[in-house]
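Trainee: I have the model open and would like to go through it with you, one piece at a time. Could you start me off?
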Amino acid sequence: MPTEDFTLLVKAHYKPLFRFAYSLTRNSPDACDLTQQTFLIWAKSGHALRDDGKSKSWLFTTLYREYLRGARRAQRVEALEDLPPAEADPPAPEADSYVGRRTGVVLEAMPEVDELYRIPLTLFYLQESSYQEISDQLDVPIGTVMSRLARGKAQLRAALSRKQVGSSPQNS
Amino acid sequence: MKIEEAKSILHGYRPNGADAANPHFREALALSRNDATLRAWFEKQQAFDQAMSADFEAIEVPESLCDAILSAADAAAAETPRSQWWRGRLAIGFAVAASIAVILTLTLTLKSQAPQSAAASPLAAFVISDAQHPETHGGHGEEAAALNRLLKLSTTRLSDPRAIDFPVLHDTGCRTLHLESRDVLEVCFKRNGAGLHYYIARRTDFPNLTAPSAPAIADHAGVSIASWSDQTYLYLVVSPTGRTALEKIL
């Protein structure tokens, strides 16, 4: 039987982990597998981190690494860290027009954000991790997280704008 | 601090207020209170970020996922019982004595690698647990779809020899479970109205498990599992509704 600590750990974190996995894999069965695999690695490794913050960061980091490790994914994921530095932020439309739109649009638009920016942006929007924790989870400097969030938001806005234009009546 | 620098920092300020006490944001927040332009920008950012976060929060998590994780961990623990004597509250002297016993026991166990029936193994418990949560399943990929079509045919006997290409199934997206870092493929199919789950594991991944060459059915609390093997693979088919559904198609 799983220990009480392990059960509490699963109950505390499986939902945000699943949502993170879902944003990576974009389908529920794969996200379930990835989430389960992450906890099994924890169980197998016998981790005994008592600090919940560290446990959470470990779980997110491990899930992300497992995602990258998947052979098929690894072929499709670009060598992210080898990408050239982003040029100037793309022009971003005003944010207000998306507030109050139907739910689900963001998830449709997120795949259009470069993966380099999408991962930290997803972690940010899950609101489970601070700047510093995202930096730890992705093993990049805080300054890099800051710039990737800014650029990711700009790309997301642009993607949302395209979707909004594409779904307007005159374009239907 | 300049406005642009403050904006860069405030991009990371979570809209749920979790960063309110984080000193990293203190100066930028103070500047936003005193600078009308920055304040307006920040308010728009927060509204935008809040709307985006709400979408992530709306991602539905399968209700059974928590139980599935705990069951899988249970099965994995049964597969490789861990000696965690060092976490106990035993006195040091007792721990030393116990450690010697544990080491001896482990040594003997590892050397013996006693064969175990696949039908009564942790692998069986693992797939039975998985089969009881079909809402987390899903066939993926062309090869898995082709196998699904074959398994659905009324003329197909499950135990008939067939060419299974594990790597191709795996690489083309067949649902893959992980038990102690070992891959187990799964394909769902229906026969005679019953939902069944076909699992394939590499024998090399489970060298101590044995299974007959002809299918044998075992029952576990209302769930039936047929297991057999060939030279390369172990096959397990789980029927959550009992053995009748299996007996008709093996």
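Mentor: Of the contacts in chain A between residues at least 6 apart in sequence, 69% join residues at least 24 apart, a contact being two residues whose C-beta atoms, placed from the backbone, lie within 7 Å. This is a predicted model, in which local features need pLDDT of at least 70, side-chain atom pairs count only at pLDDT 80 or more, and totals for chains, interfaces and linings use all residues. Residues are numbered from 1 along each chain as its sequence is written, while chains are lettered from A and ligands numbered from 1 in the order in which they are written.

Trainee: How many helices and strands are there in chain A?

Mentor: Chain A has eight helices and zero strands, where helices (H or I, at least four residues) and strands (E, at least two) are DSSP runs numbered from the N terminus.

Trainee: Switching to chain B, why is strand E7 described as largely enclosed?

Mentor: Six of the seven residues of E7(B), residues 223-229, are buried, so the strand is largely enclosed by the rest of the structure; buried means 20 or more other C-beta atoms within 10 Å of a residue's own, with C-beta atoms placed from the backbone.

Trainee: And which way does E7(B) run against E6(B)?

Mentor: They pair in the antiparallel sense over five bridges, E6(B) being residues 216-220, and pairing requires that DSSP finds at least two bridges between two strands. B:Ala216 has B:Ser227 in E7(B) as its bridge partner.

Trainee: What about E8(B), how many bridges there?

Mentor: Six bridges join E7(B) to E8(B), residues 233-239, again antiparallel, and a hairpin through three residues connects the two.

Note on methods
Buried ≥ 20, exposed ≤ 12 C-beta atoms within 10 Å, placed from the backbone.
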